[in-house]
Amino acid sequence: MTILEETKEIIASILKMPVEQLDVEAEMTDIEGWDSLRNVMILSQLEEHFDIMFPPDDIFDLTSVKAFAEEIEKIKETD
Amino acid sequence: MYSYSPLLQAVFRACERHPDKIAIIAGKEEISYSLLCLNIKKAAALIHSKGFKAGDTIMLSAVKEPHFIYMDFGAQLLGVIDEMIDPDTGTEAFKYQLEEIDAMTPFEEEPKGLKETDVIEILHTTGTTSRPKSVCLSHYNIFWAAKNTSDFVQNDEEDIEVVVMPICHAFGLRRVHLTLMNGATVVLLPNFANVQLLFKTIEKYHVTTFGMAPAAWAYVKKISGTRISKFANQLRHIEFGTAAMPLAGKMEVVELLPNTRICHNYGLTESNRTCMIEYHDTAHLDSVGKPIADNVKIKSIDGEICVHGNQTMVGYLDPEDNKDAFIDGFFRTGDCGYVSDDGYVYLTGRAKEMISVGGKKVSPVEVEEAICNLGVGDCICVSHPHEMLGETVKAYILKGSTELTFEQIDEKMKETQPPYKCPTLYEWIDEIPVNSLGKKQRRVLMGK
């Protein structure tokens, strides 16, 4: 599974929606149920799953599934 | 016009002053005051056409969309009581389509026989018992709730407000009411999740005011660092509410926004905004401030904070609930505290043991019942501090009272409960602490 697929799966499960319905390009505000509470869960579960820490300065730009996945790829590459 | 509803009067007067000014912005939609007032009359016509009469109750799903605002004011125009339903709860509300409002001929009559003191709004509290209470507010109450707040925070017609908090509860709803009452502009945003979008909105529309929960502040800070300080000379005021802010948080806000009026309200759904503190009043930041306005009186009766004022509810819907609700005409908040000689109100304990998870109120009793329903003999839930959410639920499970593991309980809770009601921590306990009356003593476990 690619990082994007794994990220998508984790986020879909937190949002309790079928993974195929989750639009990876959409802004979080346009995805039902993606509120701040769930965003906190998403941040912590992705950090735990990929064993990473999102740099505080980058979190601001993580506003879509794709942005999360690209950020994780970037962190993994520099590891 | 609409003499029974000072709130509605204020909105229609604002429309007379500047019909073309933008009242509401939601996504790409911009609604002028004249369109707002026309749609309020059309919504009233729709509600009327469905057979609702003055004194009837209509259940409205309080979604953060312009059509809800039309329906809210439309019902007020008719004297039909708005019962606010949290869209997240799935409770069935009155169903309508925006097109239905559009298609109506505006309701132009002035209803007769309505009074300021008529009940017009019902809000639901979370309640420390599992049964939430229904709070009845009159035209007069909801006007003064908005007016007192507006006067304290110093909102005016030039302000542009972004409403991000939910509007099914008093905090967000009054922000909408006070902004439109003043003839200012309200921008609706779904939630705080996308902080980047919040900042873009503040920039694009030159937003000057908003309300937020301390948990939302913690979230915004975590996501965006100190970026909010770039609006230091633009933001005129911020109002905090729904929970207390730690002292360090208060100092941090003032440091980042030294020129902004930072107000923090204390109140309950029943009493609306009751006290206010301004964060630059640094000598009294350990208090909840003074009564919000001259018409609000606060006294400590046997150590309990009690409130009387124009904004205090008429009563609960269920007469049973009213039995112990008032004392000498003062509403009993259930919070312990005292009023100092210089008029500041200090809270010393929370008699109502609500847990505020990211600003959402969770009743520990409700979570305990949900856990027991899974096949647990007994448990006790308390607040647990959380860096970003302010508080979360911690559950102590009575040892030997269940065969389930914490993982199994957690899994089942997540299946059946919204995420904010699910405990983030579980621990076994040998004995549930109770007092001599058998009432669970949650405070002894807090912060452990």
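Visitor: What makes β17(B) and β18(B) a hairpin?

Guide: Keep in mind that this is a predicted model. Strands β17 (residues 326-327) and β18 of chain B pair in the antiparallel sense over two bridges, and two residues lie between them. Two strands count as paired if there are at least two bridges between them, so this couple qualifies. In the turn, D328(B) has a positive phi of about 50°.

Visitor: Which residue of β18(B) is the bridge partner of F326(B)?

Guide: That's F331(B). Strand β18 (residues 330-339) of chain B also runs antiparallel to β15(B), joined by three bridges. Over there, E304(B) stands opposite C336(B).

Visitor: Where is Q311(B) found?

Guide: Look in the loop between β15 (304-308) and β16 of chain B.

Visitor: How do you know whether Q311(B) is buried or exposed?

Guide: You count C-beta atoms. Q311(B) has 29 others within 10 Å. Buried means 20 or more, so Q311(B) is buried.

Visitor: Which residues is Q311(B) in contact with, leaving aside its neighbours within four places in sequence?

Guide: Among them are N141(B), W144(B), A145(B) and N148(B), along with R273(B). Q311(B) and R273(B) are 38 residues apart in sequence, yet their C-alpha atoms are 7.9 Å apart in space.

Visitor: Why are α5(B) and α6(B) called roughly perpendicular?

Guide: Two packed helices are described by the angle between their axes and the distance between the axes. The axes of α5(B) and α6 (residues 170-181) of chain B cross at roughly 80° and come within 9 Å. Since roughly perpendicular spans 65 to 115 degrees, the pair is therefore given that label.

Visitor: Which residues meet there?

Guide: On the α5(B) side, I142(B), A145(B), A146(B), T149(B) and S150(B) meet A170(B), R174(B), H177(B), L178(B) and M181(B) in α6(B). By class, that contact has six nonpolar, three polar and one charged residues.

Visitor: How many residues of domain 1 of chain B are in contact with domain 2 of chain B?

Guide: 15 of them, meeting 13 residues of domain 2. Domain 1 covers 6-348 and domain 2 covers 355-445, and 30 Å separate their centres, taken over C-alpha atoms. The domain 1 side of the contact divides into seven nonpolar, six polar and two charged residues.

Visitor: What gives the largest share of the side of chain A that touches chain B?

Guide: α2(A) does, with six residues. In total, 17 residues of chain A are in contact with 19 residues of chain B. By class, the chain A side has eight nonpolar, four polar and five charged residues.

Methods
Residues numbered from 1 in each chain as written. Chains lettered and ligands numbered in written order. Predicted model: local features only at pLDDT ≥ 70, side-chain atom pairs only at ≥ 80, totals over all residues. Axes fitted to C-alpha atoms, helices over the stretch in contact; angles between N-to-C directions. Helix = DSSP H or I, 4+ residues; strand = E, 2+ residues; numbered from the N terminus. Parallel < 35°, antiparallel > 145°, perpendicular 65-115°, else oblique. Contact = placed C-beta atoms within 7 Å. Nonpolar A, V, L, I, M, F, W, Y, C, P; charged D, E, K, R; others polar. Domains from an automatic or database assignment. Buried ≥ 20, exposed ≤ 12 C-beta atoms within 10 Å, placed from the backbone.
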